[in-house]
Amino acid sequence: MMATTETLRGVLRTSRGQPILKLQSAEQRASLALDLLSLGSRSALGVSFLLSVSDRLGLYGNPGERGVSWGTFERFLGYAAKVNAFAPAWIIPFLGAAATVLELLFGVTVVLGLALRWAASAARACSSYSVQPWRSRLGSSRHSTTLYSLRCAAPYFLGLADSNRWTVDSLL
């Protein structure tokens with residue numbers, strides 16, 4: 001069943017029939033839509049980074065279990081060694097730890113909306129490094145492609161949207 005405008009207006013009313021949200025102009029509606037899209041993009045992007053880190057730290061279970069890509073940090077370091085085959089072996093633990101710390105930082109800052117433009121731009125630079133293994137976690141290349149698309153598009157949108165409603169930045 002498709003929701004009509006009248007149905008939505010009925011849902012967005014108090015028990016006394018008064019509108020919960022009064023949006024007088026098209027500009028106000030567009031601003032709210034942009035703010036909601038920004039909030040959704042921030043949430044999806046930030047949570048995707050936090051899920052990657054938690055999998056790397058073994059919070060989902062052991063390697064080989066359903067839904068676990070890494071399971072241990074050592075397995076992630078093996079992937080980091082393949083991705084950085086040009087680098088000397090002694091630097092791989094540093095690169096893996098740096099990627100993990102950065103993804104944790106990006107996840108938290110993007111979700112909270114702290115230094116949002118900077119965090120979103122930096123997250124974009126880090127995105128391609130850890131998406132590929134999600135193919136095994138999500139079960140198909142279509143899902144890993146979707147995750148990669150999210151990690152590529154959301155930072156650009158957040159950088160251009162210039163919406164800081166519901167962020168820590170707006171409180172500072």
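Student: How many helices and strands are there in the protein?
Tutor: This model is predicted: local features need pLDDT of at least 70, side-chain atom pairs count only at pLDDT 80 or more, and totals for chains, interfaces and linings use all residues. Residues are numbered from 1 along each chain as its sequence is written; side-chain values use heavy atoms, leaving out hydrogens and water. Helices (H or I, at least four residues) and strands (E, at least two) are DSSP runs, numbered from the N terminus. The protein has 8 helices and 0 strands.

Student: How far apart are the end C-alpha atoms of helix H2?
Tutor: Helix H2 covers residues 26–56, which is 31 residues. The expected span is 1.5 Å times one less than that number of residues. This gives 45 Å, and the model agrees, because the end C-alpha atoms are apart by 45 Å.

Student: Which residue just after H2 takes a positive phi?
Tutor: Look just after H2 for a phi of about 85°. The residue is Gly58.

Student: Is Thr109 buried or exposed?
Tutor: Thr109 is found in helix H4, residues 92–112. Buried means under 20% relative accessible area, exposed over 50%, partly exposed in between (1.4 Å probe, protein chains only). Thr109 has 9% relative accessibility, so it counts as buried.

Student: Which residues does Thr109 touch, not counting residues up to four places away in sequence?
Tutor: Contact means heavy atoms within 4.5 Å. Leave out residues up to four places away in sequence, and Thr109 touches Leu114 and Ala119.

Student: What share of the protein's residues is buried?
Tutor: The protein has 172 residues. Buried residues make up 33%.
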